[in-house]
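Please examine the sequence and the structure shown below. The paragraphs that follow lead through them step by step.

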Amino acid sequence: MSTPNVLNPRGDYQEIYDQAFRFARERLHPLMARMDDEDWYPPHLLKDMAEAGYLGITAPPELGGAGMDVFASGMVAEAISYWNLNANCIWGPHENLCLNNLLRNGNEEQQQRFIPRLCRGELVGALALTEPGAGSDALAGMRTSAKRDGDDYILNGRKIFISNGPIADVLLVYAKTAPERGAKGISAFIVEKGMPGFGVAQELKKMGWRGCPTGELVFDNCRVPARNLVGGENAGVAVVMSGLDIERAFFAVPIVAAAQRCLDLSLDYAAQREQFGKPIAEQQMVQAMLADMYTEIEAARLLAYRALLACNSLEQGGGGTGELHKLCAAALLKAGSVHMLAVDSAVQIHGGMGFMWDTEVNRHYRNAKVSEIGAGTREIRRIIIATELLKETRAGHR
Ligand SMILES: Cc1cc2nc3c(=O)[nH]c(=O)nc-3n(C[C@H](O)[C@H](O)[C@H](O)COP(=O)(O)OP(=O)(O)OC[C@H]3O[C@@H](n4cnc5c(N)ncnc54)[C@H](O)[C@@H]3O)c2cc1C
């Protein structure tokens, strides 16, 4: 078995990537323009992906999954996102934030109850951490509360910017069960569509990631059975933190893929667009943009792969501190800045055409900014990296 390495970055995962690449080119790319133009959610998307074997990649076969690891799911994310980043913004939260988190932290009964239907695309998954008053400061600032009442918990609060939120059937929701204990008083719950007191306050209109419904959710005396508590009362912080590390590595890969698509579109355009009697690809200033895009994308991809590979061996409840925490934040920081460079250069190379709404590079341009915001902003990523570096320095590990 050839594991990924710098000379062969996908190793034996190449075949998984190639198959998903073909699927995404044929089935997902044709959906992108309508998703972006009309903010259209393709209702068949997850079912089609389930039939093709792309839901539950990390789930064991007995629960209906493919029995592979996080790196394999990253290969699928990369292939999907090259052809349709918007589709990844539906699939990723379902597959990674919800399904993979339930696999890592849910008990056997919870897994039996939800994972097979998530793998078949019968249920749509989401994760709700961010609140109107708690974004970067998601843990300390969290106001959503959960109080035990007999065999239930009563949830009160609001969550915002939740990908798949307006359409989700199963949501991993974080709430404070012991507010006086700060981050150590957080618990994770599975909230199901139709539970009394749970509702969608609004669906949000976005500049990018269109077609992926994003919303504000409300919990108004929402009654959740205690059997839907994930990982034990007040044990939510470990669920959040290990989930966030994997999420950062996992989302770095699709971001790099979208940047790669921008480079490839720019190469094609530069070769065929003529000015001053020759293709603009022969102008050295255009060549410099192409060369910089290539170099940055290659660097970002290797860093993202390294972080994702490290996540393969992240033990349950691990993460949230140390080398992996730093590495995942660095992978996403680099991917986000490379995405911005790539879309800027791609639109520049396309000139006025790149400014037109319905060109593919323009869709990528509008999709890119959130790569520096979601899963911890670029500032929060830097804070994580610097904090870990300084901890290592103080401990004499550098
Ligand atoms: C399209 C989209 C999809 C999303 N999907 C989900 C989802 O599925 N589930 C979910 O839970 N969340 C989701 N989010 C939320 C996302 O994780 C947050 O938007 C993000 O963490 C930032 O929080 P905020 O928007 O409240 O910004 P704020 O925290 O208000 O930050 C505003 C600015 O202040 C800066 N800032 C804040 N604190 C510091 C500091 N200490 N030092 C320096 N600068 C600082 C930030 O970097 C930023 O530039 C999504 C967001 C978007 C836009």
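A helix is here a DSSP run of H or I that spans at least four residues, and helices are numbered from the N terminus. In this predicted model, helix α5 covers residues 85–105 and contains His94. Is His94 buried or exposed? A residue counts as buried when its relative accessible area is under 20%. His94 has a relative accessible area of 0%, and therefore His94 is buried. Apart from neighbours within four places in sequence, the residues in contact with His94 include Leu46, Leu55, Leu99 and Leu118. Leu123, Val124, Gly125 and Asn164 are also among its contacts.

Attention now turns to the ligand. The shell around the ligand holds 18 residues, of which Thr130, Ser136, Phe161, Thr377 and Glu379 come nearest. By class, ten residues of this shell are nonpolar, six are polar and two are charged.

Which elements supply the shell around the ligand? At least two residues each come from β1 (125–128), β3 (152–163) and α11 (378–394). Strand β3 gives the largest share, three residues. In terms of domains, domain 2 (127–230) and domain 3 (236–394) each provide at least three residues of the shell.

Individual atoms complete the picture. A polar side-chain atom of Thr377 lies 2.6 Å from an oxygen atom of the ligand, and a polar side-chain atom of Thr130 lies 2.7 Å from a ligand nitrogen atom. From Leu129, a backbone N or O atom lies 2.8 Å from an oxygen atom of the ligand. On its own, the ligand has 970 Å² of accessible area, and the protein covers 63% of this area.

Note on methods: Residues are numbered from 1 along each chain as its sequence is written. This is a predicted model: local features need pLDDT of at least 70, side-chain atom pairs count only at pLDDT 80 or more; totals for chains, interfaces and linings use all residues. Side-chain values use heavy atoms; hydrogens and water are left out. A residue is near a molecule or strand if one of its heavy atoms lies within 4 Å of it. A polar contact is a pair of N or O atoms within 3.5 Å; within protein, one must be able to donate a hydrogen and the other to accept it, and residues adjacent in sequence count only if both atoms are side-chain atoms. Accessible areas come from the Shrake-Rupley method with a 1.4 Å probe; for residues, only the protein chains shown count as cover. Ala, Val, Leu, Ile, Met, Phe, Trp, Tyr, Cys and Pro count as nonpolar, Asp, Glu, Lys and Arg as charged, and the others, Gly among them, as polar. Domain bounds come from an automatic or database domain assignment. Buried means under 20% relative accessible area, exposed over 50%, partly exposed in between (1.4 Å probe, protein chains only). Contact means heavy atoms within 4.5 Å.
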